[in-house]
Amino acid sequence: MNPQTDARDVRTTARKFVAATGREALRLVRESLGAEAIVLTHRATAQGVEIVAMAEGDVQETVQAAVPAVAPAAPASADPTVLSELHSMRGMIEEQLASVVWSDSQRRDPVRGRLLRTLLGAGFSARLSKAMLEKLPTGQSYADGMAFVRSELVRAVPVHEDEDALFAQGGVYALMGPTGVGKTTTTAKLAARCVMRFGADKLALVTTDSYRIGAYEQLRIYGQILNVPVHAVKDAADLQLVLHDLRDRHMVLIDTVGMSQRDRAVPEQIAMLGSSQRPVKRLLLLNATSHGDTLNEVVHAYRQGHALAGCIFTKVDEATHPGALIDTVIRHRLPVHYISGGQKVPENLLRADRVQLVDSVFQPRQHSPLFVPAEADLPDEAAPSAQAQGETDRLRLRYQSLIRAMAHDAQELATTAGALAGAHIGFDGARTLWRQAGDEAVDAKAVLNDLSAFARGEVAVGCDTHVLALAGQVGLRATDSGDAYVCHGSLLLSDRGGLPLAAPNQWLSTAAARQSAQPGSRQAQWLQQQDFGKRLVHVLGKPPAVEQMLAWQAEGTQWLARAPGATAVTDVRTGAATTLARLAFAFDETTERPVRYRGKAALQCEAQVEVLPRTAVDRDAMPALRCVAVRVVDARSRKLLSQTCVLTNLAAEVGAPQLAQWQGWAADAEPCFRLLRDGVQLVGGMGEPGDPHMMKRLLVAGQVTTTVWRLLQAEGEWADRTRLLLGQLTGRAPRAGRAMTGGALYAGVGKLFLLLDALGTESAGPAQAPRALERQG
């Protein structure tokens, strides 16, 4: 069969249907293609709901046509157009499989499906709703489920509860938000509360709104009523002068210009407020009548630069879907200060209360049937039936048939899985963890126990006398809110070849706590409690503080750290104060040996001397440290290529060349931490507060990263062939002469896991197990 004809058949048999609603589009599909048609994609567009579908008979023809097009026997002759079509359709199928899995989960627990419809109808996003319901115990009644949902929401919604502390602290507050959100009225309401609290002489009002007609006059009238001065400013210099003149005022409220969140002037307005010498705290006003996507866009636009101090809900008396407000502040962790509804000053400004906010979401109200999802509009997931289950099974079988035909030959995938299993890079363990990432019945604690057992097994096989624990950090961001986190983790490296063997644990902190007081201290504390069967050496990016050195020495903790040349030390031999850079090669002559440095021939030598940190208070209590200096020069020109210094409390039984090699391996493995970002995204991304499986996904991604990294470093024909296939699975096969990136390889491994599970394929075993990695460690 002509491959070009195959591609044309794929394009012509898949038909597109567009209608105003999803139900209407499905009706058109059934009328045109029959009740057995297969839906490939379902998405919302500017024209309405778009569905791409194929008739059942066309699917079978496509399967038969696609098999020879992707047969592994002749990969070089495969038409690029055909492969492009197949990769596109494979993505559609994977989306459908994910939808089937979610539907199965809902049918098993009808109450969960009904609660989901309730939350969606109240305005909550699908992501937050599903994350919250994942924590719901099974077997609950609807009433118990609603009580659980209310308690979870009350716990998660951030609220600024101490108004007394807010007023006592005082300061400058700028009320910001889009046009028409109610900034001027809310400013007047907040000003009235301030006047009632500490008097008019402690308050001043400022407006930057010189564009809207009557804006200054409106605020000036409020100021006259309250006997509070009102100042108008037009730029950053003007604002600086006014705030300087008002430095004796306990509180200053700034009414800013209303701007659309898409206005390019928003960053300029934020920069103007941030340029003041007197700190300006920004309060964002959120319109309760806005759609959830609009609220999310507003927060992203106005949180640029410095963090927002909090938010105020406005127009809550006009809202039909207040759940969108709660959803937004939970995902963005934005404290709610006040609730505003109505025009009365100051009566219609109330302090935010968690319980009242949540209860207001579920209070009965009159909704328009045009815009609020009704029971008939939402999927009937609460009524499982034999017919529905049978339809799910039929869909699953069809998708499996398409995957077999369009992805790659099942035997080739099985052979690849067998080669990976026999390569001793932790492939089978990584695949098991990958499955657990989507298993609701497996929690983070169970995964942590599995990782510990897996690490002990890898260390027993891959290490000789020591196991190297490399500490590192990587920045992560939440998928929706963009909140910044820092992952602190450890990689266990082989002392035989330096490759990562395991990532037994990960820790998560907010970006504010990014700089740990002691490098690697949190990782070391947990690792010291584990028994890996070999002596543990902590490899750090910088030396620990003297206090930490003393504590670790007392505990018997061994460590190794790269140290800057400017590190101040005392030479134990002479007692002279010096730096590591001066000591580096001022001592005994050492022997050079040939090495490869960045692909070039080089010579390396090591030298060592005992030193004491000059910052040590009690030098008698401080044991001497070994300083190992490593120098690399060009083999021909003798030009210095690299010079590093290493500090360690390890005894002389580990020689200087071995310590230098360990430090080099640690430096080579550091990019593995950055690869963790790709893994987190592939297993579901960083969740929002209330996500019960976020830590589990982080643990899974950490261990799978070690397998991907070892495959990236593997050598030999089997490794090249495996990387090529994984690149084809992602639609991005590596170009000749160019190495595959870690991110692309990670995506390919994820696709392979998915396809193996869909095909019911297990690893073929180490029938032809490559030994390249065994030689490397």
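Modeller: Take contacts (heavy atoms within 4.5 Å) between residues at least 6 apart in sequence: 70% of them join residues at least 24 apart. This is a predicted model, where local features need pLDDT of at least 70, side-chain atom pairs count only at pLDDT 80 or more, and totals for chains, interfaces and linings use all residues. Residues are numbered from 1 along each chain as its sequence is written, and side-chain values use heavy atoms, with hydrogens and water left out.

The protein has 28 helices and 23 strands. Both are DSSP runs numbered from the N terminus: helices are H or I with at least four residues, strands E with at least two. Of the 777 residues, 51% count as buried. Buried means under 20% relative accessible area, exposed over 50%, and partly exposed in between (1.4 Å probe, protein chains only).

Now the salt bridges. The rule asks for a side-chain nitrogen of Lys or Arg within 4 Å of a carboxyl oxygen of Asp or Glu. By this rule there are 19 salt bridges.

One of them joins aspartate 359 to arginine 150, at 3.8 Å from N to O. Aspartate 359 sits in helix H15 (residues 354–361) and arginine 150 in helix H7 (residues 142–156), so this pair ties together parts 209 residues apart in sequence. Aspartate 359 is partly exposed, at 34% relative accessibility. Arginine 150 is partly exposed too, at 30%.

Helix H7 also holds a local pair. Arginine 155 and glutamate 152 both lie in helix H7, three residues apart, about one turn of the helix. Their side chains form a salt bridge of 3.0 Å, N to O. Glutamate 152 is buried, with a relative accessibility of 13%.

Next comes aspartate 164, which forms a salt bridge with arginine 197; their closest N and O atoms are 2.8 Å apart. This pair links distant parts of the chain: aspartate 164 belongs to helix H8 (residues 163–169) and arginine 197 to helix H9 (residues 183–198), 33 residues apart. Arginine 197 is partly exposed, with a relative accessible area of 38%. Both residues belong to a network of salt bridges that links Glu163, Asp164, Arg193, Arg197 and Arg351.
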